[in-house]
Amino acid sequence: MKSPSRLWPLAAILLLNACTPAPPKLRVANLGERIELGHIIYTIFDTQWLTQIGEGVSARLPQNRFFLVRLSAANSSNAPLMIPATTLTDDDGKTYDELGDGQGVPQWIGLLREVRTAEAAQGNIVFDVPPRHYRLKISDENEQQSVLVDIPLSLGNDINLTPLPGEKK
């Protein structure tokens, strides 16, 4: 028979693992929903799939497809802040980072997005991903809180041209 003193370390490890809280589930929001995270107020307007950016010999071709996500990220704090980069996650759990090169992307808002008080970064972010259903992970300015925005797969030619706030149709 094993000595009880030898079982204590094993019991302690099992007890600690049992008491470790599971990471919190992220809230899932929908396209068009107003989402407040810290001092950032996000709205994800719509998406667009592109097989290339530009035309002719200077056209940029993706490895998969270019996926543009049109959003607004407003600063509600009393100081400038950086809007964090976003990621896409597919239904298999594979993640994709934003592209750092937005050359030719219409209304590209850039990868480094500093926003002054009471202003917003508005425009497109871009990914190179295969056409699938995705969730866009957005975060507060400190990346302490996050929300997933559900983005259904839509390959239709009808592009929702809802104007951004302050933009004329």
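This report describes the fold, sheets, aromatic pairs, salt bridges and one surface patch of a predicted protein model.

## Basis of the description

Because the model is predicted, local features are reported only where pLDDT is at least 70 and side-chain atom pairs only at pLDDT 80 or more, whereas totals for chains, interfaces and linings use all residues. Residues are numbered from 1 along each chain as its sequence is written, and side-chain values use heavy atoms, with hydrogens and water left out.

## Overall fold

Read from the N terminus, the order of elements is α-β-β-β-β-β-β-β-β-β-β-β. Of the 169 residues, 37% are buried; here buried means under 20% relative accessible area, exposed means over 50%, and partly exposed lies in between, with a 1.4 Å probe and protein chains only.

Five strands make up an open sheet of mixed pairing, in the order S1-S11-S10-S6-S7, with two strands taken to pair if DSSP finds at least two bridges between them. Strand S1 (27-30) and S7 stand at its edges with a single partner strand each, so one side of each has no neighbour in the sheet. The twist from one strand to the next averages 30°, the axes being lines fitted to C-alpha atoms, for helices over the stretch in contact, and the angles running from 0 to 180 degrees between N-to-C directions. Within this sheet, strand S6 (residues 87-90) and S7 are antiparallel and joined over three bridges, and Leu 88 stands opposite Tyr 96 in S7.

An open sheet of four strands, with antiparallel pairing, has the order S2-S3-S4-S9. Its edges are strand S2 (34-37) and strand S9 (120-129), each with a single partner strand, so one side of each is left without a neighbour in the sheet; here the twist averages 30° from one strand to the next. S4 and S9 pair in the antiparallel sense over ten bridges, in which Phe 67 has Phe 127 of S9 as its bridge partner and Phe 66 has Asp 128 of S9. Eight of the ten residues of S9 are buried, so this strand is largely enclosed by the rest of the structure.

## Aromatic pairs

The structure holds four aromatic pairs, defined for rings of Phe, Tyr and Trp (its six-membered ring) whose centres lie within 6.5 Å, with planes under 30 degrees apart counted as stacked, over 60 as edge-to-face and the rest as tilted. In one of these pairs, the rings of Trp 49 and Phe 67 have centres 4.1 Å apart and planes at 25°, so the pair is stacked. Trp 49 belongs to strand S3 (residues 40-50) and Phe 67 to strand S4 (residues 65-75), so the contact ties together parts that are 18 residues apart in sequence. Both Trp 49 and Phe 67 are buried.

The rings of Tyr 96 and Tyr 134 have centres 5.9 Å apart and planes at 85°, so this pair is edge-to-face. Since Tyr 96 lies in strand S7 and Tyr 134 in strand S10 (residues 134-139), the pair ties together parts that are 38 residues apart in sequence. Tyr 96 counts as buried at 12% relative accessibility, as does Tyr 134 at 0%. Ring pairs link Trp 49, Phe 67, Tyr 96 and Tyr 134 into a cluster.

## Salt bridges

The count comes to eight salt bridges, each being a side-chain nitrogen of Lys or Arg within 4 Å of a carboxyl oxygen of Asp or Glu. Among them, Asp 46 pairs with Arg 70, with the closest N and O atoms 3.2 Å apart; this pair links Asp 46 in strand S3 to Arg 70 in strand S4, 24 residues apart. Asp 46 is buried at 9% relative accessibility, and Arg 70 is buried with a relative accessible area of 8%.

Arg 132 counts as partly exposed at 34% relative accessibility, whereas Asp 90 counts as buried at 5%.

## A nonpolar surface patch

Met 82, Leu 111 and Leu 112 form a nonpolar patch on the surface, with about 300 Å² of accessible area together. Patches are made of residues with over 30% relative accessible area and no salt bridge, like charges being joined within 9 Å and nonpolar side chains (Val, Leu, Ile, Met, Phe, Trp, Tyr) within 5 Å; accessible areas come from the Shrake-Rupley method with a 1.4 Å probe, and for residues only the protein chains shown count as cover. Leu 112 lies in the loop between strand S7 (95-97) and strand S8 (113-115), and is exposed with a relative accessible area of 75%.

Terms used. Helix = DSSP H or I, 4+ residues; strand = E, 2+ residues; numbered from the N terminus.
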